[in-house]
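Let's take a friendly walk through this structure, stopping at a handful of residues along the way. Please keep the sequence and the 3D view open as you read.

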Amino acid sequence: LDNEFVTRRETAVADTFQIYNEPGKSGRDNFNHRINMGIDWKIDSFNSIKITPNLSYQTTESFTDKIFSTTGIKGTVLSDGLNRSANTNEGFNLNVNALYRHRFKKAGRTFSTELRLGNNISDGEGSQFTINKSYGGPAAGRRDTLDQRNFTDAQTNNLGATVRYTEPMSRRSLLEASFFHNQSSSERNQRTFNFNKTTGNYDIVNIRLTNLFDNDYITTGAGLKFRENRTGWNYTIGADIQNAELKSLVQGKAEPIAQSFLNVLPNAQIQIGKNRYRNFRLIYNGTTQNPTVTQLQPIEDISDPLNLTKGNPQLKQSFSNNFRINYN
């Protein structure tokens, strides 16, 4: 994927304007290989096991090359420069899902347990070269040069389990109770080195952009759902209560940053229609999303020198309300 772009931005400064222009190009090559498998074993009329492993391998190469300038309203150049960056990343993912199902003699009474395992390993390296020259104001004549390389190693391990039990309440309705536990452990090691003119190598450690970061996220909870089938329509209503623990450890700090959250996650669905070919469905569910290790690690992203971003180790989880309407 190749892309050519031009950015133009006007900024009001006191009683005048500054105009920022940035033409450039970027490219990205992505290679993804996947293997998916499934094992479904029906032990007998009451018991079954289903195992679904999947494996993926991905490599990504990307670059950005752009020049930029800031001018005053009369066309006077205030600053200009260039920015070149390139990155190569390699990732490996392995996920296994195992489901055991047991059906009792009483119709509607079931028991199931699900186990989820996951492992993600990624390695990356990149380069950054930036020149920024100033022509006006207190910084007139200043020239800033950035020439560095960075290396990133990351690994995430996931483990989760869910137990469900359903009990018929009547001929048309049933109650489902569930319990779940999930935990995710992540480690991200980023190392950045500046160019050394004396040796001609990238061997000066950039302390500001070098960091080892550990993150653990654990969720435990239980849920209850009620389902009922009526003539021509059916509905489900329920909620989960979830406790989440987020712990982040920044290299050099003795105590981790710990946060805890208690959430109620409601869900509901109603379906109107006599068959699956013609029906109307309204679905709602509330979900939470924990911050990624990249969002938490307090390392600056300098790929755009004029718009720096930095991870926040005290970032909290997000809560989403999802509504969906389907008509077939």
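Predicted model: local features only at pLDDT ≥ 70, side-chain atom pairs only at ≥ 80, totals over all residues.

Residues are numbered from 1 along each chain as its sequence is written, and side-chain values use heavy atoms, with hydrogens and water left out.

**The core and its surroundings**

The largest nonpolar core has eight residues: Phe213, Tyr217, Ala244, Leu246, Val250, Phe261, Val293 and Leu296. Such a core is a set of buried Ala, Val, Leu, Ile, Met, Phe, Trp, Tyr and Cys residues joined through side-chain atoms within 4.5 Å. Two or more of its residues come from each of S10, strand S11 (233-250) and helix H1 (293-296), and S11 gives the most, with three residues. Strands and helices here are DSSP runs numbered from the N terminus (helices H or I, at least four residues; strands E, at least two).

Leu246 is in contact (heavy atoms within 4.5 Å) with residues including Asn215, Ile257, Pro291 and Leu315, leaving aside neighbours within four places in sequence. Asn215 itself sits in strand S10 (residues 211-230). Beyond its neighbours within four places in sequence, Asn215 is in contact with Ser184, Ser185, Ser186, Leu246, Lys247, Ser248 and Leu296.

**Two polar side-chain pairs**

A polar contact is a pair of N or O atoms within 3.5 Å; within protein, one must be able to donate a hydrogen and the other to accept it, and residues adjacent in sequence count only if both atoms are side-chain atoms.

| Side-chain pair | Polar contact |
|---|---|
| Asn215 and Ser248 | 3.0 Å |
| Thr288 and Gln242 | 3.1 Å |

Thr288 belongs to strand S13 (residues 278-289). Among the residues that Thr288 touches, not counting those up to four places away in sequence, are Tyr217, Asn263 and Phe319.

**From buried to exposed**

Relative accessible area sorts residues into buried (under 20%), exposed (over 50%) and partly exposed in between (1.4 Å probe, protein chains only). Asn215 is buried, at 3%. Leu94, in strand S5, is partly exposed, at 37%. Ala14 counts as exposed, at 81%; this alanine lies in the loop between strand S1 (2-13) and strand S2 (16-36). Its phi is near 55°, a positive value in a residue other than glycine.
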